[in-house]
Amino acid sequence: MKKIFGIICLAVVLFCTNIQVFANTSNPTLTVDCVQAESGTSVTVPISIANNTGICGAEIQISYDKELVLTGITGGTAFSSLTLTKPGDFSVNPVKLLWDGMDADYTNGTIAVLTFNVPKESGTYHVSAFIEDAAVVDGNLNPVE
């Protein structure tokens, strides 16, 4: 009887315990905007950050459809306290964008704007951002996820 009572108590404890699991929504998020343009024109594609927990340095690789021609890169309002180093050759695909500073920047918003010449043929052309492990660091030089 004691054994059955013990099993029942254990079952009640296991089934009545409220355990909640939450996804970590506080990690920074990088977004490449989806834009539309007419064929044969140029288009700007913003890259933005949200939930910025403080970034002191970052290396982001931008790859783009081979039909697009990258003609310019400008810094945005976010990461404005960091120094942006652009690639010397825009024809290399993917291109690397580097930010570096002495103190962490906590601003959210546009970090860079890419300008492309759009091909004469209508279609969907992809632009994406890739970050390698430990390529983004905080003010203590710890990797940021």
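This note covers the pockets and the cysteines of a predicted model.

1. Basis. Residue numbers start from 1 along each chain as its sequence is written. In this predicted model, local features need pLDDT of at least 70 and side-chain atom pairs count only at pLDDT 80 or more, while totals for chains, interfaces and linings use all residues; side-chain values use heavy atoms, with hydrogens and water left out.

2. Largest pocket. Its volume is about 420 Å³. A pocket here is an open set of points on a 1 Å grid over the protein atoms alone, where a 1.4 Å probe fits, with protein on both sides within 12 Å along at least five of seven lines. Volume is the space filled by probe spheres set on the points, which are joined across faces, edges and corners.

3. Its lining. There are 20 lining residues, meaning residues with an atom within 4 Å of a point. Val35, Gln36, Gly123, Thr124 and Tyr125 lie nearest the centre. The lining divides into eleven nonpolar, six polar and three charged residues (Ala, Val, Leu, Ile, Met, Phe, Trp, Tyr, Cys and Pro are nonpolar; Asp, Glu, Lys and Arg charged; the others, Gly among them, polar).

4. Second largest pocket. The volume is about 210 Å³. Of its 17 lining residues, Pro28, Ile131, Val136, Val144 and Glu145 are closest to the centre. Strand 1 (29-32) and strand 3 (55-64) each give two or more residues, and strand 3 gives the most, with three; strands are DSSP runs of E, at least two residues, numbered from the N terminus. The lining holds 13 nonpolar, one polar and three charged residues.

5. Cysteines. The disulfide count is zero (cysteine sulfur atoms within 2.5 Å). Cys34 is exposed at 80% relative accessible area, whereas Cys56 is buried at 4% (buried is under 20%, exposed over 50%, with a 1.4 Å probe and protein chains only).

Methods:
Helix = DSSP H or I, 4+ residues; strand = E, 2+ residues; numbered from the N terminus.
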